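Please keep the sequence and the structure in view while reading.

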Amino acid sequence: MIPLAIGSNKKPSDNTIVLAADMGGTKVNLALCSFKNGKPQILTNAKFRSKDYASIYQVIEDFLHSHPTIQPTAICIGAAGPVSNNRVEFTNLSWVVDATEIANETGIKKVAIINDLEATAYGIAMLDDEDFCTLYKGNDNINGNIAIIAPGTGLGQAGMYFDGKCYSPFASEGGHCEFAPRTALDMELLQYLHTKKTIVSWEHVASGLGIYNIYSFLRDVKKMEEPQWLKEALQSGDKTAVISVAAQENKAAICVQTMQLFVQYLAQETTNLLLKLKATGGVFLGGGIPPKILSLLRQPAFLTIYMQSDRMEDLTNAAAVKVVLNDHAALLGAAYYALFGIDGE
């Protein structure tokens, strides 16, 4: 277990209950959590579609009404966006989520809103060895900061600062930094994406959105064949899932090439984040995509590209690289912060 700067020396009572939320533009995951030996345990959880509700308060109200005998003492929401002063406004959802308003509506005084990748960072500290898949062992004798990169619908990033004894998670919006092409093909992709976006970020090539961007480039510019069955599947299903599964099953060359490029870009940006944070304490791949493409990440290409860091290979050689397999990491982290992080407690 990774020692955290907040809460590590406190043991809540077993009857302490908090409400945790993992919130994006399309879904909200909620959980009621208790604690055992200082670690959150999910008692019950549910998933809601954001578009079915006018506000986060309505989601919370529905969830709590379905569990009338459980009363949480605090709420923490991990939100996919830049949080400022306990408030976040979504760009792709007509919600403004404000901690003060939630406290007023629910009557629960302790409410915090943190970035969803910051919540994931806290959650990673709660997980056990079986919750990870190790892609590269690294050097166990070197401590240091930790980096988290999470390709899902978008590309989340966060870090954990190491003070010599404990870790302090912090949020980042690094996924929105500009994409840096390395090869002639990368330049063509950049030019293609510039026809759609003024600024092309890493999120545009190393996320679920990025997978379909790469696919569209290969189809429209490089004129790779799109089989009819694949076209129909993309029209009716989850585009990211359709492409990644077809690639892993070697069903279509365009999907195989798409995922090869995706893995390349994810590896490059993973190295970028490692170097920016000097994350010799390890790199964690979170989000929804990495656990579903383990067969691709285990191939030599990912680590080969990840290790290419100019004169800084001592850093890439030092840091372990692990995939987070537990999809409740953000909820567990939000629960931990709800108990230990609000009002400096």
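The model is predicted. Within strand 10, Gly 156 is the bridge partner of Ala 150. This contact belongs to the pairing of strand 9 (residues 146-151) with strand 10, which is antiparallel and comprises 6 bridges. A hairpin of 3 residues leads from strand 9 to strand 10.

Strand 10 also pairs with strand 11 (residues 167-172), again in the antiparallel sense. Here Gln 157 stands opposite Ser 172 of strand 11. The hairpin of strand 10 and strand 11 has 4 residues between the strands, and Gly 164 takes a positive phi near 105° there. Is strand 10 (residues 155-162) mostly covered or mostly uncovered? Strand 10 is mostly covered, with 7 of its 8 residues buried.

In general, the strands of a sheet pair through backbone hydrogen bonds, in a parallel or an antiparallel manner.

An open sheet is formed by 5 strands in the order 3-2-1-4-7, with mixed pairing. Its edge strands, strand 3 (39-49) and strand 7 (110-115), each pair on one side only. On average, neighbouring strands of this sheet are turned by 20° against each other, direction ignored. Strand 1 (residues 18-23) and strand 2 (residues 27-36) run antiparallel and are joined by 6 bridges; Ala 20 has Ala 31 in strand 2 as its bridge partner.

| Helix | Strands touched or crossed | Angle to strand 7 |
|---|---|---|
| Helix 2 (residues 99-106) | touches strand 4 (74-79) and strand 7 | about 145° |

Key: Residues numbered from 1 in each chain as written. Predicted model: local features only at pLDDT ≥ 70, side-chain atom pairs only at ≥ 80, totals over all residues. Heavy atoms only, no water. Buried < 20%, exposed > 50% of the residue type's maximum accessible area, 1.4 Å probe, protein only. Helix = DSSP H or I, 4+ residues; strand = E, 2+ residues; numbered from the N terminus. Pairing = 2+ DSSP bridges. Axes fitted to C-alpha atoms, helices over the stretch in contact; angles between N-to-C directions. Contact = heavy atoms within 4.5 Å.
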